Every structure is written in C-alpha cells, then in structure tokens.
Amino acid sequence: YLNGFIFYLDTATGTGMVAALEDSGGSIRWGCFEDDISNLNNVDLKGGDPTGPGSRVGDGGTNTDAIIAGCTSNNAAKLCRDLGKEWFLPSIDEFDLMYKNLYQKGHGGLEDGYYWSSTEEDSHYAWNRRTTSGLIETFYKNSVLNVRAARVF
C-alpha cells in the first residue's frame with residue numbers, strides 16, 4: 001500500500017503507517033556525531049526502554065525534520081527523506097512496531113542486523129533496534145547501520 005508494507009493500522013480512524021519496500025540505500029551513519037541536534041528531544045533509557053517525546057509513535061516525521069535541519073552531513077534521516085517529502089526515519093517506537101508486525105512475522109524484507117531510528121539519546125548516541133535479538137540499544141551516531149523509511153497514511 002502506498003509503495004510500502006503496512007505495519008501499523010488504527011482501525012478506529014483508518015490511519016496508519018507503511019514501511020518502504022526495501023532498505024534505503026544500504027547502511028549509513030545516523031549523522032552529526034558529537035552534535036546535539038537542536039529541536040530534537042534527547043531520550044534516555046528509562047525503565048528498560050527509551051520513553052518520552054522523540055521516541056513515540058508519531059514522532060518520526062518531526063524528528064526527521066529536526067535532524068535534516070540541524071545536520072548538514074549525509075545521514076540516515078536525509079536518506080529516508082530522499083524517497084519523498086512524506087517519508088521519514090521512524091522513531092524507536094515506530095520501528096518497534098515495524099519490527100513486531102513485519103520482521104517477527106517474516107514480512108517486509110527487513111535484514112538481520114541493526115536499524116537506526118530517528119530517536120537521539122545525546123550528542124554521541126542514537127537509538128537502534130537489532131532485529132536478530134530484538135534488543136533496543138544505542139550506538140555511536142557515526143556507526144554504520146541499516147535504514148528503513150516509513151510514512152503515514
């Protein structure tokens with residue numbers, strides 16, 4: 001649907017999200033290592049998972065806008081936006097839905113490995129998901145990981 005795989009659907013409103021049909025251009029850095037992006041919430045580990053503004057479902061688009069505005073280097077968010085203005089790097093909670101509703105069910109063609117989210121921890125780290133183990137963790141923003149774009153409908 002809309003050039004993607006549906007991974008989230010709100011049956012009450014008919015809105016949802018799709019993941020791009022394939023990873024965006026291979027592996028890339030999150031970007032802006034040692035820069036704390038202004039207008040992007042820092043999300044710490046709280047109670048086992050990152051929580052709060054910047055990590056939630058619905059935050060991926062605004063996170064992507066902030067990353068692109070504050071980070072001039074080639075980065076994961078820009079790679080997603082290059083697919084079109086409606087595409088974005090999903091927040092960690094959005095990618096969690098992609099992981100649970102696509103990868104764990106054998107759909108969507110997600111690779112075994114690590115995927116960036118648009119959720120930043122601080123100037124050095126951003127949140128990612130390891131598909132093979134299910135772990136949510138942070139890596140240095142200059143690490144090279146997979147990227148899968150998302151969009152809402």
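Rings of Phe, Tyr and Trp (for Trp, its six-membered ring) are taken as a pair if their centres lie within 6.5 Å, and planes under 30 degrees apart count as stacked, over 60 as edge-to-face and the rest as tilted. By this criterion, a search of the whole structure finds six aromatic pairs. The model is predicted, so local features need pLDDT of at least 70 and side-chain atom pairs count only at pLDDT 80 or more, while totals for chains, interfaces and linings use all residues. Residues are numbered from 1 along each chain as its sequence is written, and side-chain values use heavy atoms, with hydrogens and water left out.

One of the pairs joins Phe33 and Tyr140: the ring centres are 5.5 Å apart and the planes stand at 80 degrees, so the geometry is edge-to-face. Phe33 lies in the loop between β3 (28–29) and β4 (45–46), and Tyr140 in strand β8 (residues 136–140), so this contact ties together parts 107 residues apart in sequence. Strands (E, at least two residues) are DSSP runs, numbered from the N terminus.

Tyr140 also pairs with Tyr125; here the centres are 4.8 Å apart and the planes at 20 degrees, so the two rings are stacked.

Relative accessible area is classed as buried under 20%, exposed over 50% and partly exposed in between (1.4 Å probe, protein chains only). Phe33 is partly exposed at 27%, Tyr125 is partly exposed at 26%, and Tyr140 is partly exposed at 41%.

Methods: Helices (H or I, at least four residues) and strands (E, at least two) are DSSP runs, numbered from the N terminus.
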